[in-house]
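Open the model in your viewer and keep the selection tool ready. The tour goes from ring to ring, then out to a patch.

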Amino acid sequence: MLANYFPVFVFVLVGLAAGVLFLTLGTLLGPKRHYAEKDAPFECGFEAFENARMRFDVRYYLVAILFILFDLEIAFMFPWAVVFKDLGMFGFGVMSVFIVILGIGFVYEWKKGALEWE
């Protein structure tokens, strides 16, 4: 029974070994130049401020939500493409409706200006 898990165990070991190897090589062979811009904390695409409780512009969150929405669209298309032949025309129709609904949402957001970044 445990013999069935041997390939998984080997896969985990190879992954861990590769991770440790690459981290070690990066530490030993990588550049060691430190400067203020490189060592500064970076988040959200703009300069960090002193107050952690400051308000963010709503457009930042809109772009993040839109990215997640269209990223999920692609995530649903990969499994569908794998079993496309088994699903037949019904699967094609369902995915077409899904893409049309998301396309309408995309056009709506585009027309409203949610993709504009000033």
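This predicted model holds 5 aromatic pairs. Select Trp80 and Phe84 to see one of them. Their ring centres lie 5.2 Å apart and their planes meet at 70°. Planes over 60 degrees apart count as edge-to-face, so the Trp80–Phe84 pair is edge-to-face.

Now colour these two residues by accessibility. Is Trp80 buried or exposed? Trp80 has a relative accessible area of 18%. The cut-off for buried is under 20%, so Trp80 is buried. Phe84 has a relative accessible area of 34%, which makes Phe84 partly exposed.

Phe92 is partly exposed, at 38% relative accessible area.

Clear the selection. Next, pick Phe70, Phe106 and Trp110. Ring pairs link these three residues into a cluster.

Last stop: the surface. Select Met1, Leu2, Tyr5, Val8, Phe11, Val12 and Leu16. Together they form a nonpolar patch with about 870 Å² of accessible area.

Zoom in on Leu2. Where is Leu2 found? Leu2 sits in the segment before helix 1, which spans 6-29. Its relative accessibility is 71%. Exposed means over 50%, so Leu2 counts as exposed.

Terms used. Residues numbered from 1 in each chain as written. Predicted model: local features only at pLDDT ≥ 70, side-chain atom pairs only at ≥ 80, totals over all residues. Heavy atoms only, no water. Phe/Tyr/Trp six-rings, centres within 6.5 Å; stacked < 30°, edge-to-face > 60°. Buried < 20%, exposed > 50% of the residue type's maximum accessible area, 1.4 Å probe, protein only. Patch = residues over 30% accessible without salt bridge, like charges linked within 9 Å, V, L, I, M, F, W, Y side chains within 5 Å. Areas by Shrake-Rupley, 256 points an atom, 1.4 Å probe, with all protein chains shown as cover. Salt bridge = Lys/Arg side-chain N within 4 Å of Asp/Glu carboxyl O. Helix = DSSP H or I, 4+ residues; strand = E, 2+ residues; numbered from the N terminus.
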